[in-house]
Amino acid sequence: MLYIFDMGNVIIDIDFDRVFDKWSELSGTPSSEIKSRFTFGNIFQLHECGKISDIEFAEMLCEEMGITLSFEDFAEGWHSIFISLRPEVIDIMERLREQGHRVVVLSNTNRLHLDYWPEHYPEIAASSDFLYLSQDLGMRKPDPEIFKYVLESEEFDAADAVFFDDVEENVKAAQALGITSVHVLNKDTVPEYFRTYDFSAEVE
């Protein structure tokens, strides 16, 4: 089987409010104002697909939010999104690999965050067979093509894949292709999915 794990709020806890709070602290602008002006719009999506540089992204987003930050301060805030790993999910990923299953990460992320999470959370790459990252692929979930790319690259049929993601839109997109998809609502979702799974069984 091919097991596909999203990263944010699946393998690692994230919270965008931490970003707004840090930018507020560094810019002197109320966090509520920054949050109200921030959108997951075109600038955000272009960055996640690797279409604009980190510096361009920072400048354009600061302009959109009406705040003034150095690139270093912007990055500090941007990295504060990460909270901590979910060790129970890392454990499941490792045990699946030990059984001979293929385990990969499929994440909408960006080049700037690569300056942070691989160094601070090396367990993510260590417990995965491959990392499929949106900024490397030039496309992002829920685009059906990104799921097709992963299936083709891994040489698996959709029927032999399981996908975990915290965004319902991404889950529905994968389901439409025939991939068993699990909407991760909280920390218990993934462990509960594998609660009755036999990790001692041999994989044929």
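Modeller: Buried means under 20% relative accessible area, exposed over 50%, and partly exposed in between, with a 1.4 Å probe and protein chains only. This is a predicted model, in which local features need pLDDT of at least 70 and side-chain atom pairs count only at pLDDT 80 or more, while totals for chains, interfaces and linings use all residues. Residues are numbered from 1 along each chain as its sequence is written, and side-chain values use heavy atoms, with hydrogens and water left out.

Colleague: How many salt bridges does the structure hold?

Modeller: A salt bridge is a side-chain nitrogen of Lys or Arg within 4 Å of a carboxyl oxygen of Asp or Glu. By that criterion, the number of salt bridges in the structure is 17.

Colleague: How many residues apart in sequence are the parts that Asp 129 and Arg 97 tie together?

Modeller: The closest N and O atoms of Asp 129 and Arg 97 are 3.1 Å apart, and the pair forms a salt bridge. Asp 129 lies in the loop between α8 (123-126) and β5 (130-133), and Arg 97 in helix α6 (residues 87-98), so the parts tied together are separated in sequence by 32 residues. Helices (H or I, at least four residues) and strands (E, at least two) are DSSP runs, numbered from the N terminus.

Colleague: Is Arg 97 buried, partly exposed or exposed?

Modeller: The relative accessibility of Arg 97 is 30%. Arg 97 therefore counts as partly exposed.

Colleague: Which residues are linked with Asp 129 in a network of salt bridges?

Modeller: Asp 129 also meets the side chain of Arg 102 in a salt bridge, at 3.9 Å from N to O. Arg 102 lies in strand β4 (residues 102-107) and Asp 129 in the loop between α8 and β5, so this pair ties together parts 27 residues apart in sequence. The network links Asp 129 with Arg 97, Arg 102 and Glu 154.

Colleague: Within what arc do the buried residues of α10 fall?

Modeller: In helix α10 (residues 144-154), the buried residues are Ile 146, Phe 147, Val 150, Leu 151 and Glu 154. They line one face of the helix, because, seen down its axis, they fall within an arc of 135°. The arc is that of the directions from the helix axis to the C-beta atoms.

Colleague: Which residue takes a positive phi just after α10?

Modeller: The phi in question is about 60°. The residue just after α10 with this positive phi is Glu 155.
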